[in-house]
Amino acid sequence: MLKQISFVFFVLLIGCYIRVNCEELKHLTNEVEVNVPANLTWELYRHLGISKLAAQQLKHVIQRIQVLKGNSSYTEIFNVIDDQKRVKVAQTLEGGCLEIGCSIQLVRFDIIEKSPSKSIIKSDISYAVKKEFQAKDPKPNIQCLAAVAQVAKYYLERANWA
């Protein structure tokens, strides 16, 4: 419950900062259960490891991953990386649904401990649509994050953790 309250506060704060009416925020969510402890799942998601793994396994979706300065087809900034709560939040700066009429896009990953040997990868996209694009109802693509979570599940469950 505390995690949800802190995330909602963070989204409200970001939304108000960029003048997005908080009632306009929409969410798309995906959850994948992994037969691996949460701390191991978090280690993959915490750094760029998940991005590199996804780029290797999803070549038809992700062309390449580079940490760079300047322009690219998709740019995000990580606003929150919380090792204690196992939460990572990124704000899209350019690309993604911003190109099709969204005014804000926040991507959040939660690694939730289900049991000592199981975890849940929860991916959430919060977004708001500009008034002039509301009739078209643009949406970010949660399927890419769902595919990344499946790649992570496959990798984590087959890794040798001895």
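These legends walk you through a few close-up views of a predicted model.

**View 1. R86, a loop residue with a positive phi.** R86 sits in the loop that links β2 (75-82) to β3 (87-94). Its phi is near 55°, a positive value in a residue other than glycine. Most residues other than glycine have a negative phi. With a relative accessibility of 18%, R86 counts as buried because that value is under 20%. The side chain of R86 also meets that of E113 in a salt bridge (3.7 Å, N to O). E113 belongs to strand β4 (residues 102-115), so this pair ties together parts that are 27 residues apart in sequence.

View 2. Look for D137 in the loop between β5 (118-129) and α4 (142-158). Here too phi is positive, at about 50°, although D137 is not a glycine. D137 forms a salt bridge with K139, with the closest N and O atoms 2.5 Å apart. Shared partners join K26, D137 and K139 into one network of salt bridges. D137 is partly exposed at 33% relative accessibility, and K139 is partly exposed at 43%.

**View 3. E33 and K118, a pair between two strands.** The side chains of E33 and K118 meet in a salt bridge, at 3.6 Å from N to O. E33 lies in strand β1 (residues 26-34) and K118 in strand β5, so the pair connects parts 85 residues apart in sequence. E33 is partly exposed, at 32%, and K118 is partly exposed, at 30%.

**View 4. The buried face of helix α2.** In helix α2 (residues 38-46), the buried residues are A38, T41, W42, L44 and Y45. Seen down the axis of α2, they fall within an arc of 160°, so they line one face of the helix.

Key. Residues are numbered from 1 along each chain as its sequence is written. This is a predicted model: local features need pLDDT of at least 70, side-chain atom pairs count only at pLDDT 80 or more; totals for chains, interfaces and linings use all residues. Side-chain values use heavy atoms; hydrogens and water are left out. Helices (H or I, at least four residues) and strands (E, at least two) are DSSP runs, numbered from the N terminus. Buried means under 20% relative accessible area, exposed over 50%, partly exposed in between (1.4 Å probe, protein chains only). The arc is that of the directions from the helix axis to the C-beta atoms. A salt bridge is a side-chain nitrogen of Lys or Arg within 4 Å of a carboxyl oxygen of Asp or Glu.
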